[in-house]
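Here is a short briefing to read alongside the model. Please keep the sequence and the 3D view open as you go.

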Amino acid sequence: MIRDERIPADELRRIDEEIRSNWSTGDDVDFEDAVAYHESLPDSKRFADVLESADKPLLQPRAGVPRLDDQIELLEYLHREGQADLLPTTIDSYTRDNEYEKAQQGLEKARETGDDTLNGFPAVNHGVDGCRELIDSIDAPIEVRHGTPDARLLAAITFAGGFQSFEGGPISYNIPYTKRHGLEETIEKWQFVDRLAGAYTERGVRINREPFGPLTGTLVPPSIAIAIMIVEGQLAATQGVRSITLGYGQVGNVVQDVAALNALKKLGNEYLPDEVVVTTVFHEWMGGFPPDEARANGVIGLGGMTAAIAQPDKVITKSPQEFQGVPTKEANSAGLRTTRQVIDMAIEQKIDIDGIAEEQDLIERETRCLMDTIFEHGDGDVVQGTIEAFDSGALDVPFAPSDSAKGAVLPARDDDGRVRIFEWADLEMDDDIKEIHKARLSRRADTEGRKQSFRMVADDVDAISDGKLIGRPQSTGDV
């Protein structure tokens, strides 16, 4: 039975040797050499320091292609033309599934044809030297972004390769991503990732860790996302991580999004140890985008305005081509510039919006209920509490593909477009909070002249891609 305990040094070495034997490039990892390489990097490439010292939200896109030269060219373009402050390296799907042989085949085909035969950068196959060439070529901090339930080898190689920020976590890269891996399994594997990051931190190389805040990206109630961010932050802190960026995905209602980001920062600092520097990242809308690029830019602009008001430390941007899939570098750059334009125009204004404090208080109360039930289920141990809370449904995520979550909780928007909970299932929450959600959903039902039903949920899922925020019925036949 795993618990929230630090991995001993000898166990860390044993696991490290075992996982590095899974692919040939693992042989090139040398911890002492890696520390020396990190120490040689200029301040401009030290991810945690750049992020934590910023005086306004930093912008970062998503981007990854298979060939090294193309990845360098892509990141240079996004840094130069998109004016990205922080840069990503998005990992390919084969690597995310630990299928390194298939990733190698895709990489070799990409080299032969010049086509993007993989949907990301196969960092494990490029190895330590390839990663360092990428780090050396770009004068900005770069983060590893992926979606890997078992990210141990990826972490070992990219940390040794010079990357100083690593996205994901055992819950946020399990519940939205996989059916094949149980929660206990992913927590155990991510304890290694975090302990390795902690080992670097203890040698003066502060590896930033960023749990994936949007989760399933579909109408996730803020308190559920925040509770999971806190849990993953606590698990990382136990293993020695001292720079943690907690994430949150935009739901589209400005009041609720600002309130949630405020609550995320406040509760993160409250629940995580004092020695941890807590930062926040705001993900622009992760659901379906309008197919029309002009309307898509409107969605991006709303994200920029929200960021200007809430002022998270970082914003993950979107492009006007989200509907089409992987954007061109020009579209990716345009999304960055659109976001920057809105933030730069709005951030110096004093914008007062009614209702933020009230909504923040509600989100904080809900989050504390979820955190309390985690601690109760685990008798104070956050690992066992998380596993048992998910198993019982006391903690849940809507629309989750993972068998580790019930996926029985259903959200819907209220009459203002704030995400509420329509179906609670076994989610642990105080009765008075449930009554607040019920009353606000009832108000919407009255406005629309229909009963509360699953149809509201289905209508809301597609609303933004249809050019709206709330999935209102368009005719009497829709109710």
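Pro 176 is buried, with a relative accessible area of 18%; buried means under 20%, exposed over 50% and partly exposed in between, with a 1.4 Å probe and protein chains only. This is a predicted model, in which local features need pLDDT of at least 70, side-chain atom pairs count only at pLDDT 80 or more, and totals for chains, interfaces and linings use all residues. Residues are numbered from 1 along each chain as its sequence is written, and side-chain values use heavy atoms, leaving out hydrogens and water.

**Around Pro 176**
- Pro 176 sits in the loop between strand S4 (165-167) and helix H9 (183-202); helices (H or I, at least four residues) and strands (E, at least two) are DSSP runs, numbered from the N terminus.
- Setting aside neighbours within four places in sequence, Pro 176 contacts Ile 171, Leu 215, Thr 216 and Pro 401 (heavy atoms within 4.5 Å).

**Around Glu 322**
- Glu 322 is partly exposed, at 23% relative accessible area.
- You will find Glu 322 in the loop between strand S8 (314-316) and helix H13 (329-346).

**Annotation**
- An unreviewed UniProt entry gives "binding site" for Gly 64, Asn 119, Pro 176, Phe 289, Lys 318 and Glu 322; positions follow the numbering used here, feature names are shortened, and annotations may be inferred rather than shown by experiment.
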